[in-house]
Every structure is written in C-alpha cells, then in structure tokens.
Amino acid sequence: MKAAGFFTRSDLTTLSRAASLAEKLTVRYFGLTEDEWKLHPYGIFTRREVDCSLHETDAFANVIRYRTPVIKPTVPRIEKYGIVLQDPNILLALLRSCQHDLWTLGLFILTHELTHIVRFRRFDVDFFASQDSAHREETTVHGITSEILAGVTNTDYIIALYESNIDAKTINISKA
Ligand SMILES: [Zn+2]
C-alpha cells in the first residue's frame, strides 16, 4: 500500500470522539457495566508511536497486548490491550473512496477492535490463536461489529469498504 500520510491533530480529535462512542456501543451490546473501559483501560496508538515491527501494510488497525512501563519499583506493571491505528492505510482508503468520512470509518474500526478486546478478555478467545482460529474469530468479530453498528451509522458504505479488501485482511488483528 502506498503511504498516504499521518493523522492530523483534528483527525485525532475525530478518532477520540469515535472511540468514546465505540466504547458506549460495545458496553451496551455485551451488557457490560458503564465503567468497563475505565476499569480496563486500553491504549490507542498511531503508527508513529509504535515500533516498525507493528506496522501493517494491509490492515487498518491491530490489537496488541503490552505491559505498562516501570514508573516506580513499587508500582506493579499492568498488562493492557492496545489498538494500533495504521494511519497511512486508513487515509489511503478514504482517498480511494467517494466519501472522505474519517468519523464513520474510525467508528467502524474502533468498534471492531474493541469487540476483539472484549472477546479476548471475557470470552476466552486466545490472543495467540492459530491462523485458522484467528480467521474464524475475524469473521465472528466482523459479524458482531455489523450488528452493533446497524442503524447507528452508514454501515453499508463501511462494510463494503471492508469486504472489498477482505482478502488482503484489511481489518485484522495481529500478534503483539
Ligand atoms: Zn479484526
């Protein structure tokens, strides 16, 4: 995929608003308590913030698992999930599409990745699953994401964008 730049500050504001809505929607869908994401915070990173080993050429985002850095010897390190947004791939997809709507695509991506995280945390889905199981999980997560977003946003356009690239695993998880 050709690089298409990185998110601007205003893009990041849009994505942070999309993340707030994605959090509310996943909480509602899975019947979680309102403080789910406060109690189990996750990180959102852009490509510039992560090591190049986490750069994906054909994905909009990927879920990682990481341990918080040592702040003080007395503070235990916590294992967290994180979402790495592959900004050049997301921006390129928007350039190719007739609708330049980062809000909608961002909402779709974040809902999808939060659904992965809920399933890793609460449904015993194996983060290090084999390729076959990971592929089946991808189909399940895609189905759930579509259900969550039905009636919320312009899902037809986003789902078509996803499915047109599904062979290239456009939205996929990858190993930490
Ligand atoms: Zn996925």
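The model is predicted: local features need pLDDT of at least 70, side-chain atom pairs count only at pLDDT 80 or more, and totals for chains, interfaces and linings use all residues. Residues are numbered from 1 along each chain as its sequence is written. The protein has six helices and three strands. Helices (H or I, at least four residues) and strands (E, at least two) are DSSP runs, numbered from the N terminus.

**Confidence**
- The average pLDDT of the protein is 84, and 82% of the residues score at least 70. pLDDT is the predictor's confidence in each residue, from 0 to 100.
- Over residues 166–176, pLDDT stays under 50. The model has 28 contacts beyond four places in sequence for this stretch. Two residues are in contact if their C-beta atoms, placed from the backbone, lie within 7 Å.

**Overall layout**
- Along the sequence, the pattern reads α-α-β-β-β-α-α-α-α.
- Of the contacts with a separation of 6 or more, 77% join residues 24 or more positions apart.
- Buried residues make up 29% of the 176 in the protein. A residue is buried if 20 or more other C-beta atoms lie within 10 Å of its own, exposed if 12 or fewer, and partly exposed in between; C-beta atoms are placed from the backbone.

**H1 against H4**
- Helix H1 (residues 9–30) packs on helix H4 (residues 102–122) at about 45 degrees, with axes 8 Å apart. Axes are lines fitted to C-alpha atoms, for helices over the stretch in contact, and angles run from 0 to 180 degrees between N-to-C directions.
- H1 and H4 are therefore oblique to each other. Angles under 35 degrees count as roughly parallel, over 145 as roughly antiparallel, 65 to 115 as roughly perpendicular and the rest as oblique.
- H1 residues in the contact include Leu15, Ala18, Ala22 and Phe30. On the H4 side, Trp103, Leu107 and Leu114 are among them.
- By class, this contact of H1 with H4 has 13 nonpolar, five polar and two charged residues. Ala, Val, Leu, Ile, Met, Phe, Trp, Tyr, Cys and Pro count as nonpolar, Asp, Glu, Lys and Arg as charged, and the others, Gly among them, as polar.

**H4 against H5**
- The axes of H4 and helix H5 (residues 131–149) come within 9 Å and cross at roughly 125 degrees. That makes H4 oblique to H5.
- This crossing of H4 and H5 is right-handed.
- H4 contributes residues including Phe108, His112, His116 and Arg119. H5 contributes Val141, Ile144, Thr145, Ile148 and Leu149.
- The contact of H4 with H5 has five nonpolar, five polar and one charged residue.

Notes
A crossing is left-handed if the near helix is turned anticlockwise from the far one by less than a right angle, and right-handed if clockwise.
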